[in-house]
Amino acid sequence: MDHELIAYRHPIPRGPFYELLTIDDHIGLQKISSLLPLAEQLTRDKEVFANSDMAYQQVGLTSHPGKRQLQVPQATVLGAEVDGVEGCVSAPRCRVAMLMFVTAVVVQRQHTTRRILQSIIGTWVYVLLFRRAGFSILESIFYEGVDRHMDEIFPLTRQSINELINLMILGPLFQTDLRAKICPEIFMMDASPSGGAVCRHPLGPTAVEEIWRHTDQRGYYTQLQTGANLVLHELGLDHIEMFGTSNIDLADFSAGAVLNLTAAGADDAGPAGFDCIELFAGQANWSRCHAEVGLHVHPGIERDAEGIRFGDLNDKKTFLELAYLAATGKVKE
Amino acid sequence: MLETRAHCLQYVVVSLNWLNLGCPISPPPSACVGSHLSDGQHDMLERLEGLIHHFWKAPDISFDELGRAAEKLANLCNASFDLSAVSEFDHQDLQNFLDVVSTKVDPYGPKYGKCVSGSCDISCSSEHKGDTVPSPDVEPWQPETLPARVPLANTVSKEVFADRIKWKLGPLFDPLPFLSDPVVHSAFKRPDVLRTPESGWPRMARAQVRCKRSELLQLAQKWDDLGACRLVTCDSVRRDEAVGIFAINKDQQYDHLIVNPIDINSRQFSYTNFTKTLAPGALICLLRLEDHENLVSSSDDLCEFYYTFKVSEDRAVRNAIGMAFDSSEICHLKCFDSKWHGQKLYICLGMLAMGDGLAVEIAQQSHFNLLQ
């Protein structure tokens with residue numbers, strides 16, 4: 001069922017049954033009470049796997065008899081080692097141990113090649129997905145040997161050796177405790193190059209649990225503004241987001257419907273103003289498409305039939321004309 | 001064992017302290033051995049002990065346990081041992097730690113300790129060791145004897161050997177009733193539905209067929225016996241669109257066969273819908289258990305899933321393998337038609353091919369809808 005499916009970029013289901021599907025693997029995870037014998041508990045997983053058995057038989061698919069598991073407390077599924085009694089999930093421990101060993105060898109050698117390093121770090125990245133805080137250990141290792149041939153030996157910097165040592169030593173910790181409690185507070189952060197702020201506020205257990213279910217699975221970040229964007233922002237001159245998907249229904253867009261501008265955007269588009277201008281237009285397809293969806297498009301500054309060229313900005317008349325347009329604010333984008 | 005775990009915990013604490021203190025050259029007194037521990041620090045030590053305890057409870061490592069990662073890790077080990085042994089600074093403690101680790105998992109002979117479990121059946125002295133890993137008894141590497149380059153054996157693509165490709169099931173599964181997305185439904189039957197205009201095709205090198213003729217003929221025989229072999233005349237397929245093949249490691253005994261349609265894939269729109277329902281295992285970390293709850297797992301793994309798909313003639317022809325055969329070489333196959341005598345022919349895989357740009361979407365969508 002859709003509400004039981006764990007999938008990338010979807011909220012985690014509320015449970016108690018969870019289903020994962022990856023091409024030929026069908027996985028079911030069932031929460032059970034530790035206070036009652038398993039046989040006495042009515043669980044959804046039995047029903048789901050009995051039904052899937054029937055479905056496979058009807059269409060000529062065969063489930064691998066040696067790999068079939070039902071209600072086991074410890075299993076390795078989809079590259080995750082799950083211990084449902086201890087409540088731990090991690091990359092398979094045997095692989096982590098081997099990876100620690102390989103890393104130790106490289107640390108002891110203090111030399112590596114790009115190909116070996118990429119392979120080792122790539123494997124560690126997989127391990128760290130099960131305890132994302134571990135990513136904070138890695139920094140300089142990503143820049144090692146970037147200008148070298150893939151198989152050329154080069155010495156590692158001390159910082160990178162330290163990072164590898166830390167990965168290796170902390171390898172046993174890269175697991176997730178499924179019984180960890182959710183912090184009953186919400187945290188907010190904001191930062192700029194000159195300062196930062198963190199604040200927190202207590203929330204009820206239900207609310208934090210719901211927020212946790214919707215947590216972004218890859219971590220979330222806001223890009224630090226730099227250069228012209230930063231200057232404009234600090235002067236209170238943020239540009240208006242005109243092309244965000246939230247205001248455009250793609251189906252309507254393709255059918256030629258008029259773009260639904262934000263209220264602010266519509267107000268700003270006065271009779272003498274233009275929504276956009278295309279420089280270096282060539283055949284001006286971009287202008288035509290934007291005009292077709294109702295935007296007020298500047299006709300452009302034509303030097304010849306080919307349109308304005310990049311080099312034409314060296315021409316004083318062209319430059320001044322464009323500078324005037326920018327200074328008057330008559331063209332938004 | 002307890003002593004080893006205690007050492008492991010010490011190293012973990014040292015490492016976490018060092019990171020938390022901003023990587024200092026020398027520790028403050030409060031982080032040195034013998035300093036007073038707060039209640040919070042005691043709690044933290046208990047948690048760390050629990051994690052380390054769980055890690056050390058892992059069963060002994062065997063090649064089978066490592067699955068597909070085994071070959072990759074073995075090659076990494078071999079290549080890493082070939083790197084320089086120049087010591088610019090001493091790692092006495094690290095060496096001790098290495099000894100602890102290697103005593104448990106060591107597949108590398110006496111130099112790094114003995115395998116104490118007796119069940120440690122990884123053998124890196126197998127074929128991969130060969131000419132890249134020196135004997136454990138040789139002198140340590142000296143800077144002047146270093147090789148300039150150390151290649152890492154390729155575990156991604158390998159030559160195809162018919163005996164290493166497991167193929168027991170024929171194409172029995174018709175996915176069409178389960179392809180609910182009209183684009184995928186249509187493209188499954190007629191792959192050219194997703195073809196891009198020729199003016200936008202990128203230039204690609206032609207994919208290699210990493211298989212000897214005799215091996216491909218053996219494979220074709222297997223497919224033919226299962227009703228999954230098709231033949232097509234060479235002049236009915238664009239030469240640059242005939243596909244390559246290679247193998248990737250599955251386990252010690254078997255490989256996966258991968259079709260490499262790099263040219264055709266680059267000439268088709270990519271399309272994903274149900275592919276977005278794929279679930280990486282790390283998402284399980286987001287589940288939560290209450291103190292009185294446990295978690296049990298159930299799983300099914302479909303046998304040779306891709307090889308059980310019935311495909312249309314058009315899709316089979318998309319899998320024409322770029323090695324031309326005289327009709328006389330393959331006229332014994334059941335799928336051979338007498339009208340092809342005297343012609344050059346390609347062998348086609350008459351089922352869903354791993355490597356087909358739409359294969360994951362087709363497989364995921366049909367399996368998903370089947371279980372609804």
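A crossing of two helices is left-handed if the near helix is turned anticlockwise from the far one by less than a right angle, and right-handed if clockwise. The exercises below concern a predicted model, in which local features need pLDDT of at least 70, side-chain atom pairs count only at pLDDT 80 or more, and totals for chains, interfaces and linings use all residues. Residues are numbered from 1 along each chain as its sequence is written, and chains are lettered from A in the order in which they are written.

**Exercise 1.** Describe how α4(A) packs on α1(B).

*Solution.* Step 1: helix α4 (residues 158-170) of chain A and α1(B) have axes 9 Å apart and pack at an angle of about 135°. Axes are lines fitted to C-alpha atoms, for helices over the stretch in contact, and angles run from 0 to 180 degrees between N-to-C directions. Step 2: this angle makes α4(A) oblique to α1(B); angles under 35 degrees count as roughly parallel, over 145 as roughly antiparallel, 65 to 115 as roughly perpendicular and the rest as oblique. Step 3: the crossing of α4(A) and α1(B) is left-handed. Step 4: Asn166(A), Ile169(A) and Leu170(A) of α4(A) make the contact with Tyr11(B), Val12(B), Ser15(B) and Leu19(B) of α1(B), where contact requires C-beta atoms, placed from the backbone, to lie within 7 Å. Step 5: the residues of this contact comprise five nonpolar, two polar and no charged. Here Ala, Val, Leu, Ile, Met, Phe, Trp, Tyr, Cys and Pro count as nonpolar, Asp, Glu, Lys and Arg as charged, and the others, Gly among them, as polar.

**Exercise 2.** Characterise the side of chain B that touches chain A.

*Solution.* Step 1: 77 residues of chain B are in contact with 93 residues of chain A. Step 2: the elements giving two or more residues to this side of chain B include α1 (2-20), α2 (39-56), β4 (293-301) and α11 (359-370) of chain B; helices (H or I, at least four residues) and strands (E, at least two) are DSSP runs, numbered from the N terminus. Step 3: β4(B) supplies the largest share, nine residues. Step 4: by class, this side of chain B has 52 nonpolar, 16 polar and nine charged residues. Step 5: strand β2 (residues 25-33) of chain A is joined to β4(B) by nine bridges, and the two run antiparallel. Gln30(A) stands opposite Val296(B) in β4(B).

**Exercise 3.** Determine the strand order and edges of the open sheet in chain A.

*Solution.* Step 1: four strands form the open sheet in the order β4-β5-β6-β9 (chain A), with antiparallel pairing; strands pair if DSSP finds at least two bridges between them. Step 2: β4 and β9 (175-177) of chain A are the edge strands, each pairing on one side only. Step 3: from one strand to the next, the twist averages 15°.

**Exercise 4.** Locate the backbone features at Pro16(A), Gln71(A) and Leu78(A).

*Solution.* Step 1: most residues other than glycine have a negative phi, and most peptide bonds are trans. Step 2: the peptide bond from Gly15(A) to Pro16(A) is cis, with omega near 10°, and Pro16(A) lies in the segment before β1 (17-22) of chain A. Step 3: Gln71(A), in strand β3 (residues 69-72) of chain A, has a positive phi of about 55°. Step 4: Leu78(A), in the loop between β4 (74-77) and β5 (80-83) of chain A, has a positive phi near 50°.

Note on methods. Two residues are in contact if their C-beta atoms, placed from the backbone, lie within 7 Å.
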